[in-house]
Amino acid sequence: EKGGYPHFMLKEIFEQPKSIKDSMRGRVNASLGHLQLGGILQYANKLTNAERIIIVACGTSWHAGLVAEYLFEDIARIPVEVEYASEFRYRNPIIREGDVVIAISQSGETADTLAAIELAKSKGAVIFGVCNVVGSSISRASHEGAYLHAGPEIGVASTKAFTAQVSVLAMMAIIVGNKKGTITESQYIALLTELETIPQKVEKALKSNDQIVEIAEQFKDAKNFLYLGRGYNFPVALEGALKLKEISYIHAEGYPAAEMKHGPIALIDAEMPVCVIAPQDNSYEKIVSNIQEVRARKGRVIAVVTEGDTHIKNMAEYTIEVPATHEALMPLLTVIPLQLLSYHIAVMRGCNVDQPRNLAKSVTVE
Ligand code: M6R
């Protein structure tokens, strides 16, 4: 059942070229300029005309929500708020006529997310569910939604659900952007074309597995880890840190790279591994200076870079390459090495990666 892999987590990491493809199957066709989500029809106009989107989720799904904040603001020009479901439900949130809520949940059974939906519904909001498990409580409680079609995720650490969530949320943002005209026709086609190439690029990113085993060997005894990213890759930094802490029990924190100066820089010394997500995007120059700041304090830099980047190679102790893609879709590639790094470190530390201590696959109690 693990398909020859020692753990479900590794199987699910390696399944991502397929699960992302499945999340797009019948939905994207770049050559026809076609993009459609069958589950979002009746309320499609509500989404297109939304004055604000409120995203509710927990854990990794909340990180996918943060990526969606960049996607919807960039592509569809809709203001987005991303809320921890557990906080949202106990506030007295303001929900106005033009607001829509997107609830993201792999299992569709997370108690806080479900309660957040019920609260938003009671205030008149339209809810779009983005779930993996078909027929789950959250999918039933939503007015409309889109399934991930990623297939069952067994490992407690979420991997293929995250990439399918980002892929579905990107499709939603692109549909809205196209309808609203906030992206041009050529930008629309370029995004669809890039989306279609993502599965093969993920396949390529997975090829760094052997190199990551070597890196894991160097860092398996670390006590702490810092993850830094900017823009679309800031949520990926959070996700990388969550993956590492939940399965290897190493304390890890993710930060937007520029926040480092506002505190965490004090932690950096020769003992501190710093994983920097540094693809060649709009923030490239800025993140290069962040790497230099870490190096100046003897921090040990592992950088995730765009294929062929030689500049960062000269500065970082290790660089892991991912193929180039549209900036908005980069999280689908940059998260792959971070998943693998956490997996290998956890295995080397003798941890039970599929069922980490104290954790459940779906958190059905608050
Ligand atoms: O099923 P959900 O997506 O609602 O679950 C949310 C979180 O419990 C989940 O993502 C959790 O953080 C994972 N263990 C992360 O790997």
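Select His7 to start. In this predicted model, His7 is buried, with a relative accessible area of 18%. That counts as buried because the cut-off is under 20%. His7 sits in the segment before α1, the helix at 8-14. Now show what surrounds the side chain. Leaving out residues up to four places away in sequence, His7 touches Lys2, Tyr343, Val347, Val353 and Asp354.

**Stop two: Ala103**

Move to strand β5, residues 99-105, and pick Ala103. Is Ala103 buried or exposed? Ala103 is buried, and its relative accessible area is 0%. Select its contacts next, again without residues up to four places away in sequence. Ala103 and Gly145 are 42 residues apart in sequence, with 9.0 Å from C-alpha to C-alpha.

**Stop three: Leu119**

Go to helix α6, residues 111-122, where Leu119 has its place. Which residues does Leu119 touch, not counting those up to four places away in sequence? They are Phe88, Arg89, Arg91 and Pro93. Draw a distance from Leu119 to Arg89. The two C-alpha atoms are 6.6 Å apart, while 30 residues separate Leu119 and Arg89 in sequence.

**Stop four: α4 beside α8**

Colour two helices: α4, residues 59-76, and α8, residues 160-180. Their axes come within 9 Å and cross at roughly 20°. Angles under 35 degrees count as roughly parallel, so α4 is roughly parallel to α8. The crossing of α4 and α8 is right-handed.

Now show the side chains where the helices meet. On the α4 side, select Thr60, Ser61, His63, Ala64, Val67, Ala68, Leu71, Phe72, Ile75 and Ala76. On the α8 side, select Phe162, Gln165, Val166, Leu169, Ala170, Met172, Ala173, Ile174, Val176, Gly177 and Lys180. Colour this set by class. The contact of α4 with α8 has 15 nonpolar residues, 5 polar and 1 charged.

**Stop five: α10 across α13**

Switch to helix α10, residues 209-219, and helix α13, residues 331-348. The axes of α10 and α13 come within 9 Å, crossing at roughly 50°. How do α10 and α13 lie to each other? They are oblique. The crossing of α10 with α13 is right-handed.

Select the contact residues. From α10, take Asn209, Ile212, Val213, Ile215, Ala216, Glu217 and Phe219. From α13, take Pro337, Leu340, Leu341, His344, Ile345 and Met348. By class, the contact of α10 with α13 divides into 10 nonpolar, 2 polar and 1 charged residues.

How many aromatic pairs are counted in the model? The count comes to 6. One of them is the pair of Phe219 and Phe225, which is edge-to-face. A pair of aromatic rings is described by the distance of the centres and the angle of the planes. For Phe219 and Phe225, that is 6.1 Å centre to centre and 65° between the planes. Phe219 and Phe225 are both buried.

Key. Residues are numbered from 1 along each chain as its sequence is written. This is a predicted model: local features need pLDDT of at least 70, side-chain atom pairs count only at pLDDT 80 or more; totals for chains, interfaces and linings use all residues. Side-chain values use heavy atoms; hydrogens and water are left out. Axes are lines fitted to C-alpha atoms, for helices over the stretch in contact, and angles run from 0 to 180 degrees between N-to-C directions. Helices (H or I, at least four residues) and strands (E, at least two) are DSSP runs, numbered from the N terminus. Angles under 35 degrees count as roughly parallel, over 145 as roughly antiparallel, 65 to 115 as roughly perpendicular and the rest as oblique. A crossing is left-handed if the near helix is turned anticlockwise from the far one by less than a right angle, and right-handed if clockwise. Contact means heavy atoms within 4.5 Å. Ala, Val, Leu, Ile, Met, Phe, Trp, Tyr, Cys and Pro count as nonpolar, Asp, Glu, Lys and Arg as charged, and the others, Gly among them, as polar. Rings of Phe, Tyr and Trp (its six-membered ring) pair if their centres lie within 6.5 Å; planes under 30 degrees apart count as stacked, over 60 as edge-to-face and the rest as tilted. Buried means under 20% relative accessible area, exposed over 50%, partly exposed in between (1.4 Å probe, protein chains only).
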